[in-house]
Amino acid sequence: MLANDDELTRLAADEFVVMRPALKTEAEVKMLVSRMLTRLAEAYDIEGQRLSISASIGIASDDGSVEQPKELLDNAALAVREAKRQGGNTFCWNHGAASTAGAEQVIMRRELMEAIEARQFVVHYQPLVEAKTGRLRSAEALVRWNHPARGLLLPGAFISLAEQTA
C-alpha cells in the first residue's frame, strides 16, 4: 500500500503519519485512504484469536496557508478528532488551516506537551487563614503556566484541556 517515496512515522502509541507527496488529486487520496481502512478492518488470527482493528484517519493538505510543517500535523489532528467523533473507522479531511476553537485546542494541546518538557509550569502557594484567629491553617497550591508567548496563564485557560490530554 505504501509507495517507495512515502514516509511512515510513528508519532505516539497509536498515532502514525503517512506522507505521500506523489498524490495529485483528491480522488487519489480518497482511494488510498479507503484501501487503508479496508485493509486495517480485516480480521487477523493471532494465536487462535480473531482480532480486528479500526482506524480514524485525518488528512491534511496545504491550501497555501501553511507556514510551518507542524501546521499540517495540527490540521491532521483536527481531522482525526472529527473522524473519531463520527464513530471511527472513517476519515476526515482538513483542507487548510481553520481558525476555529478546535484548531486552537489542537495547538494548545501541542503547546501543553511542549510546556511539560520545557518546565513552563510554576506553582504559587496561597495561605489559607482562619478568619477568627488569623492563624495559618494550610496552604493551597495554585498552578500557573508561564507561556512563552501569552505570559502567565491562569488554570482556567488550560486545566480542562490538560485533564483531557492526560
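Beyond its neighbours within four places in sequence, E111 is in contact with W145, H147 and R150. The model is a predicted one. With H147 the link is a polar contact between the two side chains, at 3.0 Å. E111 has its place in helix α3, which covers residues 101-118. The relative accessible area of E111 is 17%, and because buried means under 20%, E111 counts as buried.

For the chain as a whole, 22% of the 166 residues count as buried.

The secondary structure consists of 4 helices and 9 strands. Along the sequence these elements come in the order β-β-α-β-β-β-α-β-α-β-β-β-α. The chain is more spread out than a compact globule, because its radius of gyration is 22 Å, well over the 15 Å that the globule rule gives for 166 residues. Taken along the principal axes, the box filled by the C-alpha atoms is roughly 75 × 50 × 25 Å.

Contacts between residues at least 6 apart in sequence include a share of 44% that join residues at least 24 apart.

The table gathers values for the whole chain.

| Property of the chain | Value |
|---|---|
| Accessible surface | about 11700 Å² |
| Part of the accessible surface belonging to carbon and sulfur atoms | 53% |
| Positive charges | 19 |
| Negative charges | 23 |
| Distance between the mean positions of the positive and negative charges | 7 Å |

Key: Residues are numbered from 1 along each chain as its sequence is written. This is a predicted model: local features need pLDDT of at least 70, side-chain atom pairs count only at pLDDT 80 or more; totals for chains, interfaces and linings use all residues. Side-chain values use heavy atoms; hydrogens and water are left out. Helices (H or I, at least four residues) and strands (E, at least two) are DSSP runs, numbered from the N terminus. The radius of gyration is taken over C-alpha atoms; the globule rule is 2.2 Å times the number of residues to the power 0.38. Buried means under 20% relative accessible area, exposed over 50%, partly exposed in between (1.4 Å probe, protein chains only). Contact means heavy atoms within 4.5 Å. Accessible areas come from the Shrake-Rupley method with a 1.4 Å probe; for residues, only the protein chains shown count as cover. Lys and Arg count as positive and Asp and Glu as negative; His and the chain ends are not counted. The place of a charge is taken as NZ of Lys, CZ of Arg, CG of Asp or CD of Glu. A polar contact is a pair of N or O atoms within 3.5 Å; within protein, one must be able to donate a hydrogen and the other to accept it, and residues adjacent in sequence count only if both atoms are side-chain atoms.
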